[in-house]
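Open the model in your viewer and keep the selection panel at hand.

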Amino acid sequence: MKKRKVELVVISDVHLGTFGCHAKELLLYLNSIKPKKLILNGDIIDIWQFRKRYFPKSHLEVIKKIIDLSANGTEVIYITGNHDDLLRKFCDVKMGKISLVNKVVLNLDGKKAWFFHGDVFDASIQNAKWLAKLGGWGYDILILINRFLNWWLLKFKREKFSLSKKIKNGVKKAVKHINDFEEVASDLAIEKNYKYVICGHIHQPQIVRKVNRNGTCLYLNSGDWVENLTSLEYHQKRWKLHQFRKEDYANLHQEEIEKDVKTEFQDLLAAITITTPK
């Protein structure tokens with residue numbers, strides 16, 4: 001597959017080290033592009049839910065691929081999130097073409113772009129971190145059960161179903177939380193005179209124009225690699241929300257994915273006895 005040249009790529013919420021992470025799909029995507037700059041906008045490695053007994057080879061290969069990209073000229077900016085917040089004590093460290101920061105502002109063709117993960121706006125994380133960690137553990141199990149369910153649905157030629165999206169869309173508080181997050185981020189960006197604000201955290205891929213009485217900005221969210229399998233791409237002065245589709249990759253075999261889901265489901269059963277995070 002010929003690599004696509006892209007000026008800037010943003011990915012977030014990969015959650016390496018969890019059952020729900022689609023590392024193989026992400027690796028295929030990274031192998032298909034040649035970005036000048038790669039921004040990892042938080043929650044790339046899930047330190048909250050890290051288990052010594054579960055860190056598959058495909059997850060390690062994603063890390064290796066990112067390092068390889070930097071070695072071949074791609075500037076990599078790792079922005080810390082809440083699930084990899086332990087890295088924040090090492091912020092402003094630079095190793096070759098890889099830098100670790102809490103946030104970054106870039107000039108994109110004369111327009112200021114503000115990148116940060118977004119957990120700073122999440123009251124549950126700021127005020128009750130233990131509850132957020134417990135919720136993350138439950139979400140991880142829900143996602144894996146959903147993947148196993150979808151494997152059976154595909155076997156019977158039925159459409160995939162997202163349990164987490166159904167729950168999010170059906171709970172008014174969850175919908176309000178997403179809307180509030182977008183409004184707060186965009187209002188603050190407009191106040192700071194940024195034309196673009198780029199976040200992650202809420203696993204909701206989005207590109208939308210936000211307007212208030214003080215001005216306007218473009219709000220963007222890179223989504224995640226657990227449910228949505230999305231990234232943001234900036235090229236030739238335009239933003240694009242990229243959705244991973246397995247049919248775009250000739251070397252992606254459904255049989256391998258099904259095998260992985262079976263293995264991960266077995267791992268889940270073995271992990272049920274693991275003590276919940278403190």
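Select residues 23–31 and 57–71, which are helix 1 and helix 2. Helices here are DSSP runs of H or I with at least four residues, strands are runs of E with at least two, and both are numbered from the N terminus. The axes of helix 1 and helix 2 come within 8 Å and cross at roughly 20 degrees. Each axis is a line fitted to C-alpha atoms over the stretch in contact, with angles running from 0 to 180 degrees between N-to-C directions. Helix 1 and helix 2 are therefore roughly parallel, a term for angles under 35 degrees. Helix 1 passes helix 2 in a left-handed crossing: the near helix is turned anticlockwise from the far one by less than a right angle.

Now show the side chains of this pair. From helix 1, pick A23, K24, L26, L27, L30 and N31. From helix 2, pick S58, H59, E61, V62, K65, I66 and L69. These residues make the contact, meaning heavy atoms within 4.5 Å. By class, the contact has seven nonpolar, three polar and three charged residues.

A note on the model. It is predicted, so local features need pLDDT of at least 70 and side-chain atom pairs pLDDT 80 or more, while totals for chains, interfaces and linings use all residues. Numbering starts from 1 along each chain as its sequence is written, and side-chain values use heavy atoms, without hydrogens and water.

Next, select H83. Look in the loop between strand 3 (75–79) and strand 4 (93–95). Is H83 buried or exposed? H83 is buried, with a relative accessible area of 8%; buried means under 20%, with a 1.4 Å probe and protein chains only. Its side chain makes a polar contact with the side chain of D46 at 3.0 Å. That term is for N or O atoms within 3.5 Å, one able to donate a hydrogen and the other to accept it; residues adjacent in sequence count only if both atoms are side-chain atoms. Beyond four places in sequence, H83 touches H15, D43, I45, D46, I47, W48 and Q49.

Move to Y196, in strand 8 (residues 196–199). Y196 is buried too, at a relative accessible area of 7%.

Finally, zoom out. The chain has seven helices and 12 strands. Buried residues make up 49% of its 278 residues.

Conventions. Buried < 20%, exposed > 50% of the residue type's maximum accessible area, 1.4 Å probe, protein only. Parallel < 35°, antiparallel > 145°, perpendicular 65-115°, else oblique. Nonpolar A, V, L, I, M, F, W, Y, C, P; charged D, E, K, R; others polar.
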